[in-house]
Amino acid sequence: MPTSSSSVSFDYIIVGAGSAGCVLANRLTASGRHRVLLLEAGGPDRNIWIHVPLGYGKLFSNPKVNWLYSTEPEPELNNRRVIQPRGKVLGGSSSINGLLYIRGQHEDYDHWRQLGNAGWAFADVLPYFRRAEDQERGADELHGVGGHLKVSDVCEPHPLCEAFIAAAQSCGFPRNDDFNGPTQEGAGYFQLTTRNGRRWSTAVGYLKEARRRPNLAVVSNALATRILFSGRRAIGVEYRADGMTHTAYADGEVILASGAFNSPQLLQLSGIGPEKVLRDLGIAVLADMPGVGADLQDHLQIRIMYRCTEPITMNDVINDWRHRYVAGLRYLVSRKGLLTIGAGYAGAFLRTRPDLQTPDVQFHFLIFSADAAGATLHPFSGFMASVCQLRPDSRGFVRIASTDPGVPPAIQPRYLTARNDRDTVVAGLKLLRRVMNQPVMQKYIAEEYAPGAKCSSDEDLLAFARQTGTTVYHPTSTCRMGSDPNAVVDERLRVRGFERLRVIDASIMPTVVSGNTNAAAVMIGEKGSDMVLEDAQAAKAAAA
Ligand SMILES: Cc1cc2nc3c(=O)[nH]c(=O)nc-3n(C[C@H](O)[C@H](O)[C@H](O)COP(=O)(O)OP(=O)(O)OC[C@H]3O[C@@H](n4cnc5c(N)ncnc54)[C@H](O)[C@@H]3O)c2cc1C
């Protein structure tokens, strides 16, 4: 491939314009003092379905905006490969995700702190959640207004969601109108990262503003292929764009924000990772770090589907051109209606056992049904609800399979390999059925379509989970923060043993949070950017 050497050097190079990368690009350029290069493997976010919330269903199989990864055969899922969509576009996964705004439990972050990560307890990260947020309901102790990430309520209640929430209440669980409030437990409506019926990705919220600044250069369709070093100091990045290999240099830092699959991939391609994996591929080992790509965690979801007694589901709208037309027109005129909903309408965070301190399962309640994500909706009135275990014990890996940066890494979350995960999934499915069996919900259920009444024992339910379980798209922890020998970054997100190299994205989470992961990735971007700026300030003061 022809090469070209960029004569321009920057203070910071950010690899990846995703949830965290766009936050970094904004914060690091805000003062006007730093020159920043943002590299993004995908293109601009022009696809109309990115911006219409319900359009996320159309992005699952679009290679123009999605890496379209899948796992290796999963040993505990009957050796099935599981899809692993990831955003490959400005905004990254925040441009193609399900839009649910959930931070996780306060205890998740206190646990991170307990593991030795100073500065990451809930009290420490809350100011960053608040700073990021523009909460439609207004500010309070836990919520912020005026931030770059707009958070809104779903536009209107739905009778099926009301029934689901009431059913959870009849099982003794509270109604919860704010899953990001003082406690997460209960059933209620999700909030979304939208405003006026439009998706609020980090490309929209953070990058659009930053791109007006002369000190930010954004290169899209640019695949970073290698980090360049002088000894143990990162000095630049090699990347492919326009059929050429380019190099760009950073006087300050190289920051990886490429997400839970690609940040460890890029480190491994650059000689930082498990020695054997690198040697087997003939890569010169800069540092034997077994933790790079290890500890992959993800949320597995198992869906139960129902035929509905009334034609009030989204299947009824989408499958009839007249209803579709009305819904489309309503969206165009008022930005309201079915096109504004995300990957879940209502949901619940519940404890499968009363002795647990906090919820261990999340239910996503959807007013449509389909056999797979992004697939055609069923031809009958249908809806579904999924069970997702919030704190899996199973650990997987991401490993490069080739020295070619264009070849996807091998991904294996090893779902359900831990006994506790299998037990929790079965307990969660039983709990979901208990909720669905309440009279207030039963009046809408003509039949449990899948797995159906024949699936009744614990063994049956586990077999169903093995056969149909799929990701809820929350891979994390492959460049885990910590101080133990397998940790990849320290509590200031610096790659251990290296200078001027950080990872700032969902891959640094010590453990996956008990909820959806976009809000946490944005918070990590906010906090990480402060760390970069503070350390630069401290270095300047020390040098003066
Ligand atoms: C289909 C789907 C649905 C989801 N639903 C929800 C939801 O409803 N709510 C929620 O909270 N979370 C959801 N998530 C998860 C959430 O969006 C992610 O956890 C979050 O966006 C991760 O942020 P990140 O910054 O770590 O990575 P990303 O946002 O994935 O960003 C990484 C960026 O780096 C780029 N990149 C990678 N490698 C390179 C390279 N070598 N060179 C240049 N650029 C590179 C990528 O193209 C991408 O733009 C969903 C995710 C998906 C995929």
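Visitor: Which elements each supply at least two residues of the lining of the second largest pocket?
Guide: Strand S1 (3-15), strand S14 (244-256), strand S25 (501-503) and helix H14 (518-543) do. Helices (H or I, at least four residues) and strands (E, at least two) are DSSP runs, numbered from the N terminus. This is a predicted model, where local features need pLDDT of at least 70 and side-chain atom pairs pLDDT 80 or more, while totals for chains, interfaces and linings use all residues. Residues are numbered from 1 along each chain as its sequence is written, and side-chain values use heavy atoms, without hydrogens and water.

Visitor: Where does the largest share of that lining come from?
Guide: From H14, with 7 residues of the lining of the second largest pocket.

Visitor: And what volume does the second largest pocket have?
Guide: About 540 Å³. Of its 23 lining residues, the closest to the pocket centre are Tyr12, Val532, Asp535, Ala536 and Ala539. On a 1 Å grid over the protein atoms alone, a pocket is an open set of points with protein on both sides within 12 Å along at least five of seven lines, a cavity is a set where a 1.4 Å probe fits but cannot get out, and lining residues have an atom within 4 Å of a point.

Visitor: How does the lining of that pocket divide by class?
Guide: The second largest pocket has 8 nonpolar, 4 polar and 11 charged lining residues.

Visitor: What lines the largest cavity?
Guide: Among the lining residues are Gln297, Asp298, His299, Leu300, Tyr415 and Asp421. By class, the lining of the largest cavity has 6 nonpolar, 4 polar and 2 charged residues.

Visitor: Which residues line the second largest cavity?
Guide: They include Tyr101, Arg137, Asp177, Asp178 and Phe190. The lining of the second largest cavity divides into 5 nonpolar, 2 polar and 3 charged.

Visitor: Different topic. At what angle do H1 and H6 pack?
Guide: Helix H1 (residues 19-29) and helix H6 (residues 202-210) pack at about 25°, with their axes 8 Å apart. That makes H1 roughly parallel to H6, a term for angles under 35 degrees.

Visitor: Who meets whom there?
Guide: Ser19, Cys22, Val23, Ala25, Asn26, Arg27 and Thr29 in H1 meet Thr202, Ala203, Tyr206, Leu207, Glu209 and Ala210 in H6, where contact means heavy atoms within 4.5 Å. The residues of this contact divide into 7 nonpolar, 4 polar and 2 charged.

Conventions: Points joined across faces, edges and corners; volume = space filled by probe spheres on them. Nonpolar A, V, L, I, M, F, W, Y, C, P; charged D, E, K, R; others polar. Axes fitted to C-alpha atoms, helices over the stretch in contact; angles between N-to-C directions. Parallel < 35°, antiparallel > 145°, perpendicular 65-115°, else oblique.
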